[in-house]
Structures are given as structure tokens and as C-alpha cells.
Amino acid sequence: MNEFIFGFSTGLSLILAIGAQNLFVIEQGIKKNNIFLVTSICIVGDFLLIFFGIFIFHFIKNFINDLINLLLSCLLYTSPSPRDVEES
């Protein structure tokens, strides 16, 4: 159920952001003001935001996984007891 809520909220946030952009593009199209320039900027902007968003999320996810593994290995590491050292 958590995955459904996460996916739904992510999709809703994307739809709301794209809705405002579409409203602006439609408004510029109706006014016939620089239609090609406006749509080109929106296309490039969407591409860059999606591209960098995916790779930054991937980098952060890997960094957090490595950090958790490091912390767990530090916390779970037990120093050898003096008895173990004498037996060696």
C-alpha cells in the first residue's frame, strides 16, 4: 500500500507541475507570441530536469546505501577479546 501512495503522490506532483507549464504554453499559443521559442524552452527544460533528476536520485540512493553499509559495519564490528589474541 505504501508503494501505491508513493507512486500516486509522485504522479500527482508531476501532473500539477506540468499542468501549470501546459497552461502557459497554451496561453502563449492563443496569443501567438513566440510559440516555437516557448515550446523549445519547455522541451529542453523538461528533458534536463528529468535527466538530472534521475541521475541525482541514483547518486543519492547509492551514497545513502554505502553510508548505511559503512555505519552498520562500524557499529557491528567487535574488537577481538584479549583471550582471542592470546590463543593466536
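Tutor: Of the 88 residues in this predicted chain, 5% count as buried. The chain has three helices and zero strands, giving the pattern α-α-α along the sequence.

Confidence comes next. The mean pLDDT of the chain is 81, with 86% of the residues at 70 or more. By element, helix α2 has the highest confidence, at a mean of 86, while helix α3 (residues 82–87) has the lowest, at 60. Where pLDDT is low, the predicted coordinates should not be read in detail.

Now the aromatic residues. The structure holds five aromatic pairs. One of them joins Phe59 and Phe63 and is stacked, with 6.5 Å from centre to centre and 20 degrees between the planes. The angle qualifies as stacked because planes under 30 degrees apart are counted that way. Both Phe59 and Phe63 belong to helix α2 (residues 35–76), where they sit four residues apart, about one turn of the helix. Phe59 has a relative accessible area of 58% and is therefore exposed, since the cut-off for that class is over 50%. Phe63, at 48%, is partly exposed. Phe47, Phe51, Phe52 and Phe55 form one aromatic cluster.

Leaving aside neighbours within four places in sequence, Gln28 is in contact with Asn33, Ile35 and Val38. Of these contacts, Ile35 and Val38 fall within the residue range 35–76 of helix α2.

The cysteines complete the picture. Cys42 is buried, with a relative accessible area of 15%, whereas Cys74 is exposed, at 51%. A disulfide is a covalent bond between the sulfur atoms of two cysteines. With a cut-off of 2.5 Å between the sulfur atoms, the count for this model comes to zero disulfides.

In short, the stacked pair of Phe59 and Phe63 is placed in helix α2, the element with the highest confidence in the chain.

Notes: Residues are numbered from 1 along each chain as its sequence is written. This is a predicted model: local features need pLDDT of at least 70, side-chain atom pairs count only at pLDDT 80 or more; totals for chains, interfaces and linings use all residues. Side-chain values use heavy atoms; hydrogens and water are left out. Buried means under 20% relative accessible area, exposed over 50%, partly exposed in between (1.4 Å probe, protein chains only). Helices (H or I, at least four residues) and strands (E, at least two) are DSSP runs, numbered from the N terminus. Rings of Phe, Tyr and Trp (its six-membered ring) pair if their centres lie within 6.5 Å; planes under 30 degrees apart count as stacked, over 60 as edge-to-face and the rest as tilted. pLDDT is the predictor's confidence in each residue, from 0 to 100. Contact means heavy atoms within 4.5 Å.
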